[in-house]
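Please examine the model shown below, beginning with a single helix and then widening the view to its chain and to the neighbouring chain.

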Amino acid sequence: MLEEIVISGFGGQGLLVIGRLLADAGMIEDRNVVWLPSYGAEKRGGTCSCHITISNEKIGALYIKRPTAAIVMSPSALTRLEPLVKSDGILVINSSLIADKVGRNDIRTVYVPANELAAEVKDDSVANLVVLGALIAHQPITARASIITAINTLFSKSGTMLEANTKAFLKGYTQE
Amino acid sequence: MPDKKILMGGNIAIAEGAILAGCHAYFGYPITPQNEILEHMSKRMSEEGRVFVQTESELAAINMVYGAAASGCRAMTSTSSPGFSLQQEGISYMSGSELPGVIVNVMRGGPGLGNIGGAQGDYFQATKGGGHGDYKVITLAPASVQEMMDLTMLAFDLADKYRNPVIVLADGFLGQAMEPVVIRKAVTALPEKKWAVSGTKGRQKNIINSFEMDPAAFPGRVKVLLDKFDRMQKDEVRFEDINLEDASIALIAYGSASRAALTAMNLARSKGIKVGLLRPVTLFPFPYNAIKKLANKIDRFIVAELSAGQLIEDVRIAAGTEMKIDLVARYGGAPMTAEDIIEAIEKAM
């Protein structure tokens, strides 16, 4: 099974972190993974993307042009990625920040008011975990438990962030 | 029990590979997209009780590598394309002085200051002797994070074996990517260097320079170097070949471009198109013979590179003027995608 995921939005939204969690969860399941950030000149508020490939086979290309799954966290990210998601793929949209609706009907779309849901747990800083939860709920790229294990490992040094991130992930996972 | 894998960034894998290989001294100046090497080394070299210097320039860094290597220790610098240009004089001096050392270039878009996207535009500069004079440098091209570690370790061994600098030529995409890595065993026995300037107590002095006043003597000194470069071409060619037995089209690519080529090859195969891949691991010495043999049994080469037509020149030399060779070039810091290569394959059909 080849999963090619692109996460895109603004720098500072924690996109690379949830990409890292996906890659870690893939490794926990003994699969091959690649994590590729857009890098360098990205900064808080600028455009930022992360490409994650998870596969049982050896992975070729690092850069993903046509993702099987995408998360968009800004209006410009939606404009850029909507035409690129593969047919039958999934597109998760942070509807707190993006008013537009998707025009395609050959892909599955999930609208998540991630910032509102994140505020119920902590604040905007965990909206990234909410959208990750929504993605995993609708497309089990990895097992939910693998993401939880990855969260526990990555945030093991910060009790408050560990708790908030776990709650935010489950909030996104269980929302309708 | 398989070896435990950890998720690691490409630049970090280079730094850790150097430490495992017994690199005693690291000198570097910050430049994207290789900054993680410098950052990681600043922490790890002091932990290991070794030498770390953030220099005032890339020029200083390469000349400190010269000095450290002359003293007999394993030494390294890392940089990206504009900094690599600045280091060419020092690399020429090191080759002329028969000094081992490792230069890592995590390439970015050029020419000039260019941009910070990954690229492979320094192919000529690395493989043809980018500084002055008749010299060559073994150039290793990793295509995965694991190889970032493994080929950095190999670079130190080859540098000592030939008493010549070795270049690890990676690109920004590989430097920034993370992949699972198996940590290798640390090198414990380093080669003895009787030629080093390590203090003359109990022995005659050693002299290390690249300067020869006697006009009759210098051609002989250069010939010693040329013989080494011949031995490298005979003994050190490395490449990976995949699915070439029945191929009618052979893709030629290295580094992150070869990863896109691998995906393109698999997609083409799933459509019944007989495509194979030859991935040079050493760019100098180049696998001319393997490509020449291949040219006799396939219909066409497709060269995929993150530069505007550099690798293709060596493929042309190997394959001959009559051979069909197409170029898929992405440059200026743009990534190579599998779709780019698939398009070229389908066009060739």
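In this predicted model, the buried residues of helix α3 of chain B are covered by several elements of chain B, including the strands β2 (25-28), β3 (51-54), β4 (75-79) and β5 (101-107) and the helices α4 (81-86) and α5 (88-96). The buried residues of α3(B) are E58(B), A61(B), I62(B), M64(B), V65(B), Y66(B), A68(B), A69(B) and A70(B). A residue is called buried here if 20 or more other C-beta atoms lie within 10 Å of its own.

Helix α3(B) itself comprises residues 58-70, which is 13 residues. From its first C-alpha to its last it reaches 18 Å, close to the 18 Å expected at 1.5 Å a residue. Just after this helix, G72(B) adopts a positive phi of about 100°.

The view may now be widened to the whole chain. Chain B contains 13 helices and 14 strands, and its C-alpha trace spans about 70 × 50 × 45 Å along the principal axes. A compact globule of 349 residues would have a radius of gyration near 20 Å, and the 20 Å of chain B agrees with this. Of the 349 residues in chain B, 54% are buried. Among contacts in chain B with a separation of 6 or more, 79% join residues 24 or more positions apart.

Finally, chain B also meets chain A: 21 residues of chain B are in contact with 17 residues of chain A. On the side of chain B that touches chain A, α10(B) gives the largest share, 6 residues. The residues of this side divide into 11 nonpolar, 6 polar and 4 charged.

Key. Residues are numbered from 1 along each chain as its sequence is written. Chains are lettered from A and ligands numbered from 1 in the order in which they are written. This is a predicted model: local features need pLDDT of at least 70, side-chain atom pairs count only at pLDDT 80 or more; totals for chains, interfaces and linings use all residues. Helices (H or I, at least four residues) and strands (E, at least two) are DSSP runs, numbered from the N terminus. The expected span of a helix is 1.5 Å times one less than its number of residues. A residue is buried if 20 or more other C-beta atoms lie within 10 Å of its own, exposed if 12 or fewer, and partly exposed in between; C-beta atoms are placed from the backbone. Two residues are in contact if their C-beta atoms, placed from the backbone, lie within 7 Å. The radius of gyration is taken over C-alpha atoms; the globule rule is 2.2 Å times the number of residues to the power 0.38. Ala, Val, Leu, Ile, Met, Phe, Trp, Tyr, Cys and Pro count as nonpolar, Asp, Glu, Lys and Arg as charged, and the others, Gly among them, as polar.
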